Amino acid sequence: MISEQLIDILKNAKRVAVLTGAGVSAESGVPTFRGTDGLWKRFSPEELASFDAFMRNPELVWEWYQYRRSLIYDIKPNTGHYALAEMEDLFDDFILITQNVDGLHQVAGSKKIIELHGNIRRNKCSKCGEYYAEEIPVDKKEVPKCRCGGLIRPDVVWFGEMLPEDAINKAFYAARNSDLFFSVGTSGFVHPAAQLPITAKESKAYVVEINPDKTAITPYLDELLKGPSGKILPEIVKLLKLNNA
Ligand code: BV8
Ligand code: ZN
């Protein structure tokens, strides 16, 4: 249920930032990381989503990403993704900061977006950094090689790797300068992304979490809207449109 206080804040908000995690894609059928059907159930993040793991066993890591790509290429954005794409034009200043690598926000039409952890639909050379578009078919089992001889890898940020500097700087700037910050579908475990809602709160933003469950960061935030983002986000957009009418 959206509180009177939040309705009032929604009406007056000028600068809005949203952080999304894997939970936003859950209703599209993309398994989350730490949920019961989580991707990490069989493997721990460090075993697969790290540069060392890739150097130790490139075929295993490449195959895991090919498997994940095969899951998302047939998957559609859900009502939550579309609501976030609509939200862009309902505030003076809006930015979407995502931890997700599935690219579904862009498919749903989001333009004002910061990808903190890269994008699984892109590849790059692990040696010279050259980018490779989607031309690599998902059923390719062997780890492809770059013209320079380096192994090609998914263009995602692995554990132990720095986030793209421009992305993280822009994300923290948005957290410090927003008057309303949403944390949607993230368990708040992975840093430095998990710091963003806390920074927003410390910078006097009103911080709202959208999640069916409490998370590691719930105690630090202003309000938890308990439920699926695919249901709650469209309700918020409906309220905003009524107000803007
Ligand atoms: C870095 C790309 C500097 C790859 C990902 C100890 C303490 C603190 C930090 C650390 C530490 N040890 C190491 C670190 C740093 C580490 C880290 O945070 N580790 C964690 C595990 C503790 N971070 C890093 O390494 C980062 N780099 O810090 O560099 C550095 C360098 C060296 C050493 C130290 C520091 C890099 C992090 C990026 C990792 N890459 N993804 C890939 O995807 O394969 S992270 C991965 O997790 C995804 O991007 C994902 O988005 C992200 C976060 O997970 P969530 O999105 O929150 O997903 P999760 O499944 O956890 O939660 C889903 C939520 O949705 C749940 O709450 C659920 O209730 C909810 N939900 C479910 N259904 C719905 C829903 N919500 C709404 N609607 C629904 N329907
Ligand atoms: Zn190369």
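# Close-up views of a predicted chain

**Figure 1. Thr20 in strand 1.** Thr20 belongs to strand 1, which covers residues 15-20; strands (E, at least two residues) and helices (H or I, at least four) are DSSP runs, numbered from the N terminus. The model is predicted, so local features need pLDDT of at least 70 and side-chain atom pairs count only at pLDDT 80 or more, whereas totals for chains, interfaces and linings use all residues. Residues are numbered from 1 along each chain as its sequence is written, chains are lettered from A and ligands numbered from 1 in the order in which they are written, and side-chain values use heavy atoms, with hydrogens and water left out. The relative accessible area of Thr20 is 0%, so this residue is buried; buried means under 20% relative accessible area, exposed over 50%, and partly exposed in between, with a 1.4 Å probe and protein chains only. Apart from residues up to four places away in sequence, Thr20 touches Leu84, Leu96, Ile97, Thr98, Gln99, Asn100, His105 and Val184, where contact means heavy atoms within 4.5 Å.

**Figure 2. Cys125 in strand 4.** Strand 4 spans residues 118-125 and includes Cys125. Cys125 counts as buried because its relative accessibility is 2%. Its contacts, leaving aside neighbours within four places in sequence, are Glu130, Tyr132, Cys146, Cys148, Gly150, Leu151 and Ile152. Asp155 is 30 residues from Cys125 in sequence, and the two C-alpha atoms are 8.6 Å apart in space.

**Figure 3. Lys204 and Ala205 in the loop between helix 9 and strand 8.** Ala205 is located in the loop that runs between helix 9 (195-202) and strand 8 (206-211). Lys204 is found in the loop between helix 9 and strand 8. Is Ala205 buried or exposed? With a relative accessible area of 4%, Ala205 is buried. Lys204, by contrast, counts as exposed because its relative accessibility is 73%. The phi angle of Lys204 is near 70 degrees, a positive value in a residue other than glycine. Most residues other than glycine have a negative phi. Not counting residues up to four places away in sequence, Ala205 touches Ser178, Asp179, Leu180, Phe181, Ala200 and Asp222. Phe189 is 16 residues from Ala205 along the chain, and their C-alpha atoms are separated by 21 Å.

**Figure 4. The peptide bond from His191 to Pro192.** This bond is cis, with omega near 0 degrees. Most peptide bonds are trans. Pro192 is found in the loop between strand 7 (180-184) and helix 9.

**Figure 5. Domain 1 and domain 2.** Which residues make up each domain? Domain 1 consists of 4-30 + 77-117 + 162-244, and domain 2 of 38-74 + 130-156; these bounds come from an automatic or database domain assignment. The C-alpha centres of the two domains lie 28 Å apart. Four residues of domain 1 are in contact with four residues of domain 2.

**Figure 6. The setting of the close-up views.** The chain contains ten helices and nine strands. Its radius of gyration is 18 Å, close to the 18 Å that the globule rule gives for 245 residues, so the chain is as compact as a globular protein of that length; the radius is taken over C-alpha atoms, and the rule is 2.2 Å times the number of residues to the power 0.38. The C-alpha trace spans about 60 × 30 × 30 Å along its principal axes. Buried residues make up 54% of the 245 residues.
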